[in-house]
Amino acid sequence: MCGRCQVDVTEGELSKHGIVSRAENLSAPGQAEQRFLGSDGADSGRRLSCHAKIEGDLAIDVPASSQVHRQVIRKPYEAHDIDVNPVVQPCFVEVTTPDILLPEGDLQRVFAALSRDWQLDGLTCNLPAMQQLQDALREGDWQITVAVRNDRQIIAVWPGLKERFYGVAIDVGSTTVAVQLCDLRNGDVLASAGKMNPQIRFGEDLMSRVSYIMSNPGSERQLSDVIRRTVNELIAEVAANADIEINDIVEVTIVGNPIMQHLFLGISPIELGRAPFKLANDGSVDVRASELDISINPGGYAYVLPCIAGHVGADTAGVMLAEMPFERDDMSLIVDVGTNAEILVGNRERLLAASSPTGPAFEGAQISCGQRAAPGAIERVRIDSETLESRFKLIGCELWSDVPGFADALPSGGVTGICGSGIIEAIAEMYSAGIVLPNGRIDGEQAERSTRIVEDGTVHEYVLFDDDQRISITQHDVRAIQLAKAALYAGAQLLMKERGVERVDRVRFAGAFGAQIDARYAMVLGMVPECDLGAVSSAGNAAGTGARIALLDRKARPLIEAQVRNVEKIETATRPDFQDLYVAAMAIPHQESPEKPR
Ligand code: FES
């Protein structure tokens, strides 16, 4: 038995698919399967699909270990100048030996040594550190290193001299989870890793996860457990890659959108799914990591950045910290494109934030041949405006499709679909070639010019690739992208209107998708308001960078807490003018400038 066909069964009502998935809808595991999976596997709902027969409605998750083509986790860490002054400092002290005639306990003599050598007074010590203290003192022959947090509390103890502690910055996205392991002495990123968010099996997008929780009371615990387990697996992975002890990790910082943040904290996100969309807490959270089941040093802490509003999360607070628009004179538009677009507009005088419901089309969902970014997905497209012929490039293949040798260089599954950046390019190229009209209709008259444009009922589609599998851009796909880009554009315009500006000086695209899209195509489609092309750039994984800044620089925490309080929050859902802007933004590029870009 090879075990490569393992799947996880999801139980409960899945309103998106209109089914109730139950483990009993699979045939009972036989002896061989039970032996292979052991008691842990059986308890967690894991099955061998080659040994199980589906006998009713069922939803399963294919874990990363069983996937031939894993999702590409596009969350690299960015180099960034950061002041390294973490909240946790190592303090080496020599403690006086105990004397039977003197009453002080071991801890009180440690406090005295810290006051004498480090001028740290009024300290406390948390329980895990206290539990480590006596063994460490004796093993170190009365020389120990303590980890002091915020100059106030001892949180961990080691015998002898210990110079290096570590921290982990965690970015919990709705699609992917990424961590960066940092050396708290110099800020170096020693290892980074990412995984798919396993909550996807409860719902592709955030709102379907909230509706899963609404239909399956108590299931929020399950969603919290799976995400925390994934974070622990990632921490173990980066610690192993950097060859360090998990016990030497003393601090983590966490960013995530409001729903992810609530679930990570073990708070039901139901209130975020219904008006008036209230956060349980719009401040930061500072708790012992063990309270969130995070496996690091037992005395270590987790700092969760503050959310901005019901739809604008701590991930945007991370973006603010990485980009610091509040310290600039020029006018910035910063967008983090995901299932929702989180948008910031402003400068040092006034900064505004909003979230706009773009939906998952930019991530390849709700697109006929759409898929997530993985090997085999089309990510670049070019269309010749004379012949209307296309060429494309795939993730996992260096060659363009019109280059000799392309067929032999394909990833093992061949051409499998088109990812978000590919769809943007395909539709922008179709528009520039005259295949898509400014109103978004695929022009059927162009069928006379190319066999790639084919009729599909009353509408037309453009065939990008036709072999074992046909990859087309349908009229429905163009509409889905129009709706998504109109939401993004209208959200940005609403903030600009509110801020009293007609143009911004710079546009920054944050997030994994933002890092992949080509600014030219974003402009061709009219995803964001006009701006000099040279002033449009990618901010990379700015949310993750913000988490790292909060990990390494203690000053960043009060700074972002104050900025989050100051930022003006705009609720797009309650603004009637948002609807008008939205409708006007449906055209390509948009109603005010329907000219094709040169
Ligand atoms: S155990 Fe090998 S395919 Fe199922």
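Colleague: Is the crossing of H7 and H14 left-handed or right-handed?
Modeller: Keep in mind that this is a predicted model. The two helices here are H7, residues 314-323, and H14, residues 556-566. Their crossing is right-handed.

Colleague: Which residues of H14 make the contact with H7?
Modeller: Let's start on the H7 side, where Ala317, Met320 and Leu321 take part. By class, the contact has six nonpolar, one polar and no charged residues. From H14 come Ala556, Ile560, Gln563 and Val564.

Colleague: Are H7 and H14 roughly parallel or roughly perpendicular to each other?
Modeller: Their axes sit 10 Å apart, and the helices pack at an angle of about 115°. Angles of 65 to 115 degrees count as roughly perpendicular. So H7 and H14 are roughly perpendicular.

Colleague: On to the strands! What is the bridge partner of Gly346 in S18?
Modeller: S17 covers residues 341-346 and pairs with S18 in the antiparallel sense, over six bridges. A hairpin of four residues joins S17 to S18. In S18, the partner of Gly346 is Leu351.

Colleague: Which residue in S27 does Ala353 stand opposite?
Modeller: S18 also pairs with S27, a strand at residues 568-569. That pairing runs in the parallel sense over two bridges. Opposite Ala353 stands Lys569.

Colleague: How many residues of S18 are buried?
Modeller: To count as buried, a residue needs 20 or more other C-beta atoms within 10 Å of its own. S18, residues 351-356, is mostly covered. Of its six residues, the number buried is five.

Notes:
Residues are numbered from 1 along each chain as its sequence is written. This is a predicted model: local features need pLDDT of at least 70, side-chain atom pairs count only at pLDDT 80 or more; totals for chains, interfaces and linings use all residues. Axes are lines fitted to C-alpha atoms, for helices over the stretch in contact, and angles run from 0 to 180 degrees between N-to-C directions. Angles under 35 degrees count as roughly parallel, over 145 as roughly antiparallel, 65 to 115 as roughly perpendicular and the rest as oblique. A crossing is left-handed if the near helix is turned anticlockwise from the far one by less than a right angle, and right-handed if clockwise. Two residues are in contact if their C-beta atoms, placed from the backbone, lie within 7 Å. Ala, Val, Leu, Ile, Met, Phe, Trp, Tyr, Cys and Pro count as nonpolar, Asp, Glu, Lys and Arg as charged, and the others, Gly among them, as polar. A residue is buried if 20 or more other C-beta atoms lie within 10 Å of its own, exposed if 12 or fewer, and partly exposed in between; C-beta atoms are placed from the backbone. Two strands pair if DSSP finds at least two bridges between them.
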